[in-house]
Amino acid sequence: MSEILRVENLKKSYDGFVAVNGVSFGVAKGELKALIGPNGAGKSTCFNMLTGQHRPTEGEVFLDGENITGRKTRDVWRKGVGRTFQITGTYQSMTVIENVQMALMSHHRKLFSMMPRAWKLYRDEAFEFLDTVAMADQADRPCSVLAYGDLKRLELAIALTHRPRLLLMDEPTAGMAPSARIELMQLVADIVKDQGVSVLFTEHDMDVVFAHAHHIMVLNRGELIADGSVTEVRNNPQVQEVYLGGGTLFKEEDAHA
Amino acid sequence: MTLTRRMILAAASALAIAPVAASAQDTIKVGEINHYKRMAAFAEPYRKGIELALEEINADGGVLDTELEFVFRDDQGDPAEAIRIAEELMTREGAVMLTGSILSNVGLALSSFAAEKDYLYLAAEPLADSLVWGSGNPNTFRLRASTWIQAAMLAEEAAKTDAVKYATIAPNYAYGQDAVAAFKENLTRLKPDVEFVAEQWPALFNIDAGAEVQAIERSKPDAIFNVTFGTDLARLVREGGDRGLFDGRDVYGLLTGEPEYLDPLGDEAPEGWFVTGYPWYGFEDGTPEKAFVDAYMDYSGETPKIGSLVGYLTAYSIAAAIEEAGSTETEALIEAFEGLEIPDTPIGTLSYREIDNQSTMGAYVGTLALEDGAGVMVDWEYKTPDGYMPSDEEIMEMRPAD
Amino acid sequence: MAFFFAQLLTGLANASSLFLVASGLSLIFGVTRIVNFAHGSFYMLGAFIGVTLMEVLPGHFGFWGSILLTGLAVGLIGAIVEIVVLRPIYRAPELFQLVATFGVILVIQDLTLMIWGAEDRLGPRAPGLRGIWRIFGEPVPKYDIVLIAMTPFILFGLWYLITRTRLGVLVRAATQDREMVGALGVNQAWLFTGVFALGSALAGWGGALQLPKGGADLLMDFNIIGTIFVIVVIGGMGSLPGAFIAAVLISVLNVLGVTYLPSSTLVLMFVVMAVVLIIRPYGLLGREEVAGEHGQVGAPETPIRPYGRLGQAVIAGLLVLMALLPLVADQFLLILTIDMIVFALFAASLHFILGTGGLVSFGHAAFFGGGAYAAALLVYHFDTPMEIAFLFAPLAAGLLALGIGWFCIRLTGVYFAMLTLAFSQLVWSLAYQWRAVTRGDDGLISIWPTDWLSGTVPYYYFTLILGVGGILFLRHVIHAPFGYALRAGRDSPRQAEAMGIDVKRIQFAAFALAGVMAGLAGGMFVFSKGSVFPTELEIAASFDALIVVFLGGVKTLAGGVVGAGFMTVVEDWLTRLEYWRLLLGLVIIAVVIIAPEGIVGSIRSAWARYRGTGDEEVAK
C-alpha cells in the first residue's frame with residue numbers, strides 16, 4: 001500500500017520549548033489512522049504543521065510524494081487535504097448550506113466572481129454533501145443556532161467538498177454525547193470506504209479510536225512513542241506507561257472543547 | 001428596503017422643512033453663512049454688528065420701504081455644507097443675495113457657486129486675495145482689506161528700519177502662506193537687500209511654540225514677521241517672551257492688534273510690535289468711528305471687535321446696494337455694487353471698486369503697548385488701501401476675463 | 001550641542017502633558033476596548049475647569065490644588081459619561097462605542113461653549129515659575145523644567161498603580177482577558193467605570209498642567225485627539241510604557257521637525273506612525289490582537305438574502321418615485337437628495353468593507369476626496385471635459401486604494417484602522433500643502449458639470465442613476481461569491497484559509513472596490529458642489545461616514561445607506577438651531593443606546609419580535 005502522507009523528522013519549537021520533536025510517520029492510502037496522546041502532547045501542533053498553519057522548525061511533509069513543507073494552508077487545501085478543527089470555525093453569518101457552498105465556490109475557483117448569486121451556486125451539489133452527513137434537513141438554518149454535534153458534522157461536510165485525498169480531523173467528536181461520537185466516526189469510516197479518502201484524526205475517546213482506527217499513533221511530550229495496529233499499540237508498554245502510569249488513563253479527559 | 005427608507009426620509013425631510021420655507025415676502029432677506037460654532041469667538045461680534053446695523057436701517061424705514069432681514073446659518077466650517085445652505089437660502093428662504101464666511105475656503109466655494117448659479121455674493125470677512133483677483137468673478141464682491149493689502153502696510157513700515165535678516169512665522173495653510181508671500185514681495189520691492197533667514201510653518205491652532213521659538217532664535221534674525229493668531233499667537237507670545245526672542249527685535253504682526261486676538265493675551269500682550277488691528281479704545285469723541293463704538297457697546301453691552309465693524313459695514317453695504325438697485329434682482333444688485341459709494345460709514349466713505357469688486361475699506365496700523373494691564377495699539381493710523389494695491393494692469397492680468 | 005540639548009528639553013516638556021493624556025486613553029482602551037474619541041474633550045474640560053479654579057484659588061496652593069481638583073472633577077465627569085452612555089452598550093458590535101463617544105464630543109463642545117463662552121482663555125502662570133533658567137547658556141522656561149521633573153513621578157505613580165495595587169492587578173487581568181475578571185469575582189461594570197474615570201482624570205490633569213504653556217479654547221479637543229491616538233498606537237494600544245516612549249519620541253521628533261523641516265508640522269507624526277506600523281504592526285510595545293478578541297460581540301449577523309418579489313417590487317416602485325421627484329419637488333429638495341445619494345454611496349462603500357469585510361477603516365475619506373480631487377485637478381489644470389474627468393474619479397480612487405491597501409491590509413483591528421487614518425492624513429496633507437498643484441486649502445473651484453448636466457434636474461438624474469446604480473452594484477456583489485468570500489474571511493479567517501480562500505487578497509480587492517465606489521461618490525460630489533477642498537479628505541469626513549454606518553447598523557446590508565439618509569436629514573434640520581451640536585450629540589447617543597444594533601438592525605429585530613418569529617429561520 002503506498003502512502004498518501006509521509007512525515008519526516010517533524011519538529012516545532014517556540015522560544016526553546018519543543019512542542020513536537022522529530023516525529024516521522026506515514027498514512028497509507030485509504031487508511032483511517034488515529035493520532036492519540038495526552039493533552040499538550042503536540043497533536044494539534046502536529047496537525048497545524050501538516051496543513052500550513054504553522055511552519056515546522058525542522059522536518060519535511062510529503063503529500064503523495066510531493067514535498068508540501070511550509071506551504072500555505074490554502075495551498076495545502078488545494079492540493080487535496082481537508083481539515084476540521086478542534087474548535088469549529090464555521091461561518092456564523094451564513095446558513096448551513098451556504099457554508100458548504102462557500103467551500104464549493106472556492107473549489108470551483110469562483111471567489112472573485114461578482115456576478116452570480118452565491119446562494120444559487122452549487123446548491124444541489126452542496127445538498128449532496130449535507131446528505132452525506134445527514135444534515136440536509138437543516139440546510140437553511142443559520143449556522144449560529146446549530147447544536148454542537150451538528151456543527152461538527154457540518155464541518156465534515158465542508159471538508160469533503162473538494163474531494164480530498166487526505167482528511168485531517170482534529171478531535172472530531174469532542175464535546176459530543178458518546179452515542180453521537182460512534183455515529184459520527186461510523187460516518188467517517190463509511191466515507192473512507194466509499195470514497196477512498198484517507199483520514200488522520202486525533203481523539204481522546206479511546207472507544208472511538210479502538211472501534212474505528214485501522215492504525216494508531218501515540219504522541220507524548222512531542223515524541224512519537226508508538227505507531228502500529230490497534231493491538232500493537234494497546235500492548236505497547238510505553239503507551240501503557242503514559243496512559244496508565246501517568247494517571248490519565250484511556251478515558252475521557254477533555255470534554256470541554 | 002434601502003430605497004424605501006431613503007425615500008421616506010427624503011419625504012419626511014421635505015415635510016419637516018416645509019414650514020420653514022414660508023414664502024411670504026414681507027421682508028427682504030439676505031442669506032448669511034458663517035462658522036458660528038467652530039469659530040464662535042470671531043463670528044458672534046460680527047453677527048452683533050449686523051444686528052445693530054439692521055436695527056438702525058429698519059428703524060429708518062428699511063430698504064425699498066421693506067424690512068431688511070438676515071437669515072443666519074451655520075456652515076460647520078465645511079465649504080460643501082455652505083454651498084448646500086446657500087442653495088437653500090436662495091431657493092427656499094427667498095434670500096436675494098448671499099454674504100458671510102470668515103474662512104477663505106468657504107468664501108471661495110461660495111464665490112464659485114455664486115458665479116455658476118448667477119447669484120450675488122458679498123464676501124464679508126475672508127481675506128484671501130484670490131477672491132477678487134486670481135479667482136475673481138463678476139458675482140463676487142469683497143468688503144475687508146485683503147491679506148496682500150495688510151501685509152503691504154506692514155512691509156512698508158519694516159522697510160523703514162535697518163533690519164535686513166527676517167524670520168517669518170505663519171500658520172501652515174493658504175492664508176499664512178499668502179501673507180508671508182505678500183510680505184516678502186512687498187518688502188523685497190521696497191528694500192531689495194533684505195534676506196529671509198527662517199520660515200516657520202506651525203500647524204494652525206496646534207503650534208509647538210517652544211520649538212518654533214528655538215528655531216527662530218537659531219536663525220538670529222533682525223526682525224520677525226508674525227501671521228499666527230488666536231491660541232497660536234498666545235503660545236508664541238508667551239514662549240517667545242519668556243525666552244527673550246523678541247528682545248531687541250522688531251516684530252510685525254498681521255492682525256495681531258485685532259481685539260479678537262489681542263484681548264485674550266491680557267497683560268502679556270507683546271509691547272512694541274507693529275501690527276494691523278482695530279483700536280476702538282483710541283477714537284476721539286465726535287468721530288463717526290467713536291459713534292459706532294458707542295452705539296455698539298450700548299447695543300451689545302460688549303466692547304467691539306473688528307468683526308463687529310465688518311458686520312456693521314456688511315449690512316450697510318447691502319442696504320445701500322439694494323437701495324441703489326431699486327430692486328432685488330441679482331443683475332440689478334451686481335450693477336449697483338459696482339462702483340457703489342456709501343458715505344458716512346464709521347470709516348468714512350466706503351466704496352466698491354469697479355475694477356476688482358474690492359471695497360475701499362482699509363486697515364488700522366499701530367504699535368502695541370500695555371495700558372492698565374491690557375494690550376492696546378498706540379500711535380495708530382487708519383490707512384486706505386490706495387497705494388498698497390497692485391496696479392490696475394496687474395489686477396486685470398490676474399483677474400479672469402469678466 | 002547646547003542648542004540640541006535645549007531642543008531635547010522642549011520635547012520632553014511637551015511629552016509630559018501628552019503622556020498623561022495618552023496614558024489615560026491607553027488604559028481605557030486596554031481594559032474596556034473602547035476607542036474613546038471623546039478623550040480630547042476631557043482634556044479640554046480639564047483646561048477650562050483648571051482655568052476657572054485657578055482664577056478662584058490664589059497662590060501656590062491654589063495653582064497646584066486647582067490642578068489636583070481638576071483631575072478629580074474630570075474623572076467624575078468621565079464616570080458619569082461611562083455610566084450613562086457607555087455602560088448600556090458594551091454588548092454592542094465592535095467599535096460601536098466609538099459612535100457614542102463621538103456624540104459625547106459634540107455634547108461637551110456645546111456645553112463648554114455655553115458655560116465658558118467663545119473667547120480663548122490664556123492659561124494662568126504657575127506661581128514663581130514665570131521666566132527662564134539658563135542651561136548651557138540656552139534659555140529654558142522654568143515651568144518646562146518642572147514638567148520634565150514631574151514626568152518620572154507620574155510614570156512611577158502609574159507604574160505603581162498598575163503593578164503594585166489590587167486595582168492594577170485587575171486592570172492588567174482585564175487587559176489580558178476580559179472574561180477572567182468576572183471569574184475573579186469582581187464587578188466588571190464598576191471596574192470599567194473606575195478605569196474610565198481614571199483615564200478621564202489623567203486627561204483632565206493633562207489639560208490643566210499644560211495651562212501655563214497655553215490656555216483653554218474650544219478647538220483643543222480635536223487638536224489633541226489625533227496626536228494622542230498616534231502616540232497610543234505607536235506605543236501599542238494598552239501599553240503604558242509604550243505610550244511613554246511614543247510620547248517622548250513624537251515630541252522630540254516634532255521639535256526637530258520644526259527646526260530642520262519647518263513645513264513638516266502637519267504630517268510628521270503620521271509619517272512616523274505609518275513607518276512604525278508597517279515595521280511593527282502592533283506598535284512598539286503592543287501585543288498581537290487575538291482574532292475575535294473584541295470582534296463580533298453580540299448576536300451574530302443573520303444570513304443574508306436578496307429581496308424577494310415583494311421587496312423588489314417595492315424598490316422598483318420607489319425608484320420610479322425618485323425618478324418622478326423632479327416633477328413635484330423644488331430645487332433645494334433635489335439638491336438635498338443629490339447630497340443624500342452621494343453620501344449614501346460613500347457610506348455604502350465604507351459599509352462594504354466594514355460590515356461585510358470586518359475592516360474598520362478610519363481613513364475612507366481619502367478615496368472620496370481623492371476621487372473628487374482627481375477629477376477636479378484634470379478640469380482645473382487641463383480643462384478636461386467633465387465626461388472624461390469624471391471617469392478618473394473612481395479610477396484614481398481605486399488606484400489609491402490599491403496603494404494604501406497594500407500596506408494596510410496586513411494589519412488587523414484598531415491598527416488597521418489607524419494605518420488607514422495615517423495614510424488618509426498623508427493624502428490630506430498632500431492636498432493641503434502642495435499648493436502649486438492643489439491650491440492648498442483655497443481648494444479647486446469652478447469645477448462645474450458639462451452643459452447638458454449643468455441644470456439641477458439633469459444632474460439629479462445623473463446622480464440617481466450612478467449613485468443608486470453603485471449602491472445596488474455593491475449590494476449585488478455582497479450577494480455574489482466575492483461578497484461571500486469576504487464575509488467568510490471576516491467570520492473565520494482560519495476556516496477560510498483552510499478552504500483555499502486567500503483572505504488577505506479578497507480583502508485587498510474589496511478595499512480597492514470600496515475605494516472605487518467612494519471615488520465615484522467623490523466624482524459626483526465635486527461636480528455638484530463645483531469645488532473641492534482638503535476638508536473632504538479630513539479625518540472628520542472619514543468619521544462622518546463611519547458614524548452613519550454604525551448608526552444605520554453594521555450587521556445589516558442597508559445600514560450605510562439608511563444611516564447616511566438619516567444623518568443628512570437630521571443634520572440639515574438640526575443645524576438650523578442654535579445649539580445644534582448638543583442636540584445632534586444627544587440624538588447620536590440616544591440612537592446608540594436605544595438601537596444598539598443600529599437603526600436598521602433594531603427595526604429588523606423589532607419587526608421579528610412583532611411577527612412573533614425568532615430570527616432563527618431565514619425567510620425563504
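Here is a short chat about a predicted model with several chains.

Residues are numbered from 1 along each chain as its sequence is written, while chains are lettered from A and ligands numbered from 1 in the order in which they are written. Because the model is predicted, local features need pLDDT of at least 70 and side-chain atom pairs count only at pLDDT 80 or more, whereas totals for chains, interfaces and linings use all residues.

Trainee: Which chains share the most contacts?
Mentor: Two residues are in contact if their C-beta atoms, placed from the backbone, lie within 7 Å. Chains A and B are out, since they do not touch and their nearest C-alpha atoms are 19 Å apart. Of the two pairs of chains in contact, the one with the most is chains B and C.

Trainee: Where chain C touches chain A, which helix of chain C gives the largest share?
Mentor: Helices here are DSSP runs of H or I with at least four residues, strands are E runs of at least two, and both are numbered from the N terminus. The contact takes 35 residues from chain A and 31 residues from chain C. On the chain C side, helices 18, 19, 20 and 21 each supply at least two residues. The largest share, eight residues, comes from helix 19 of chain C.

Trainee: What radius of gyration does chain C have, and why does that agree with a compact globule?
Mentor: The radius is taken over C-alpha atoms, and the globule rule is 2.2 Å times the number of residues to the power 0.38. With 620 residues, a compact globule would come out near 25 Å, so chain C agrees at 25 Å.

Trainee: How much of chain C is buried?
Mentor: Counting C-beta atoms placed from the backbone, a residue is buried if 20 or more others lie within 10 Å of its own, exposed if 12 or fewer, and partly exposed in between. Of the 620 residues in chain C, the buried part is 62%.

Trainee: In which sense do strands 6 and 7 of chain A pair?
Mentor: Strands of a sheet pair through backbone hydrogen bonds, either parallel or antiparallel. A:T84 stands opposite A:M169 in strand 7 of chain A. Over four bridges, strand 6 and strand 7 (residues 166-170) of chain A pair in a sense that is parallel.

Definitions and conventions: Pairing = 2+ DSSP bridges.
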